[in-house]
Amino acid sequence: MDQILVLDFGSQTAQLIARRIRDIGVYSHIVPGNIPFDEIDLSEVRGLIFSGSPFSVYEPSAPTLDPEFLNTGLPTLGICYGLQRVTHDGGGKVEKKTTREFGRSRIHYRSTHPLFDSIPENFVSWMSHGDSLDTLAPGYTLIAESENGHPAAVGCKEKNFVGIQFHPEVTHCEFGTQILTNFALKMCGARNTWNMNTYLENETEEIRRVAGNRPVLLLISGGVDSTVVGGLLLKSLPPHQVHLMYIDTGMMRKGESAQVALTLEAFGAENLYLINASSDFLPPLKGVTDPEEKRRIIGDTFIRVQEREVNNRNIRDSLLAQGTLYTDLIESGKGVGKSAHVIKSHHNVRSPLVEEKRARGDIIEPLGKLYKDEVRRLGLTLGIDPKVVGRHPFPGPGLGVRILGEVTPEKCDILREADALFIDELRARGLYDKIWQAFCVLLPVRSVGVAGDTREYGSVVALRAIVSSDGMTADVYPFEMKDLLNISSKITNMIPSVGRVTYDISSKPPATIEWE
Ligand code: XMP
């Protein structure tokens, strides 16, 4: 498969560059910018991109570039620091200018270049740099200037290199997509065959090749990633070869287990083990109020139950499939070459089963090349219900970290009901897909209320609804007041033990998304 390789010098937008190239239909992969040239397999690479960086080339710890990357003959695009690095290393001069360029700047051409095919003069670029090019390196020529008269695009025919000082990957840059398309399709000649249909075909073949006749075990969490892997396995292998295990901790969302069963049975699952393990999880949580202690108990119990159930079914020798995503691998800086992979979900961490499988190379990670929204697209391509594919994330410890203080079966029931009502209301109001994550939290207080003529002490539920791109930062979803009022009445009317509803209006930071 044709690919464009992004060398990441620590830029905040390296992921964005890869995303934009993928959206054009060309597979793009990120590696650390300072990676030695001989660690890279270039057989499918049709072009290189050198990313930006928070560093100046003059800082002692600035990331370096193996000069061999400029001798490949492959079309190469340097963005911001990528251009400055090449200029500095090639004998040109990079300098801090008095007029730093941040934000919009119009671009004026000084010569023509295929990178700017079909893009009019004077387009608005997006700049974000302290250093600028003062003197071009020998053999490099000026293609365009910014409105401040600084070099904005520079090329070198001999090296097949073009560098730009602005960021075509950000949405504020006019014609950014056109610039990246010109690079990937015209200059690199890469075929735009990256889509979920071809991914599905390739991955199906790969799963068949790796699995052979061996059984494959997948631990399902109820979330999107493991559900999509389940669908993929059942599409690729005879159903008797696929073993799907779902452990219900007693702290799952309402209807979660039934939904998992329904989705995977529709794919012909034969060995679907739905394990109701609430009696393993809830008793040890009795009287425990410390959040970290709760997490530890849930994690340890998960491992114990998982070991027991796998051993009971004689499927210990299976291959293990996991829903690890591209970002899980890449963000650890370990997505390259032979380095170890990170393990994603909390209950797999330290799990002897996973460690053992990894040590033997008995792991299949069929989503390892995909971003989250690509997984969602793959799920839809597979024919999984859009409602399942679009589900909000859910933490591994489940409702356990949304019941503040002691977790009891009764509190789980109250929270499950409140949460389901909240989510149903969001769906009914067409808001669910506009929100990144929404849920209810059960507070560790009772509050007074009136019901008829009597005063009652009821539970208090907090609503949380946030928008985010990756969960690292989050803004509060700005509900219309009438929506909040209606949702609040619905919850207090339908669940008599809840006497009060509040809305959490804290962004992240300083708050986290979950309350514990
Ligand atoms: P926070 O609360 O850290 O949450 O802002 C960020 C995202 O991570 C999820 N989350 C977890 N997921 N195990 C998980 O698998 C956990 O212990 C855990 N804690 C938080 C949270 O739901 C949000 O999407």
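**Figure 1. Burial and overall make-up of the protein.** Buried residues account for 54% of the 516 residues in the protein, which is shown here as a predicted model. The secondary structure comes to 14 helices and 18 strands, and the C-alpha trace spans about 85 × 60 × 40 Å along its principal axes. Among the contacts in the protein with a separation of 6 or more, 75% are accounted for by residues 24 or more positions apart. The accessible surface of the protein comes to about 22500 Å², and carbon and sulfur atoms hold 51% of that surface.

**Figure 2. The residues around the ligand.**

Figure 3. A polar side-chain atom of Arg295 lies 2.9 Å from a nitrogen atom of the ligand, while a polar side-chain atom of Lys508 is found 2.7 Å from an oxygen atom of the ligand. Gly396 takes part through its backbone, with a polar atom there 3.0 Å from an oxygen atom of the ligand. On its own the ligand has 490 Å² of accessible area, and the protein covers 72% of this area.

**Figure 4. The buried side of helix α11.** In helix α11, which runs over residues 372-382, the buried residues are Glu374, Val375, Leu378, Gly379 and Leu382. These residues lie on the same side of α11, because the arc that they cover around the axis is only 150°. In general, an α-helix has 3.6 residues a turn, so residues three or four places apart point the same way. The cover over the buried residues of α11 includes α1 (14-24), α4 (196-211), α5 (224-236) and α12 (386-389). After α11 comes Gly383, which has a positive phi, near 95°.

Figure 5. Asp362 is found in the loop between α10 (352-360) and β14 (363-364). Asp362 counts as buried because its relative accessibility is 8%, against a cut-off of under 20% for buried residues. A polar contact of 3.1 Å joins the side chain of Asp362 to the side chain of Arg214. When its neighbours within four places in sequence are left aside, Asp362 is in contact with Arg214, Leu319, Leu320 and Lys357.

Key:
Residues are numbered from 1 along each chain as its sequence is written. This is a predicted model: local features need pLDDT of at least 70, side-chain atom pairs count only at pLDDT 80 or more; totals for chains, interfaces and linings use all residues. Side-chain values use heavy atoms; hydrogens and water are left out. A polar contact is a pair of N or O atoms within 3.5 Å; within protein, one must be able to donate a hydrogen and the other to accept it, and residues adjacent in sequence count only if both atoms are side-chain atoms. Accessible areas come from the Shrake-Rupley method with a 1.4 Å probe; for residues, only the protein chains shown count as cover. Buried means under 20% relative accessible area, exposed over 50%, partly exposed in between (1.4 Å probe, protein chains only). Helices (H or I, at least four residues) and strands (E, at least two) are DSSP runs, numbered from the N terminus. The arc is that of the directions from the helix axis to the C-beta atoms. Contact means heavy atoms within 4.5 Å.
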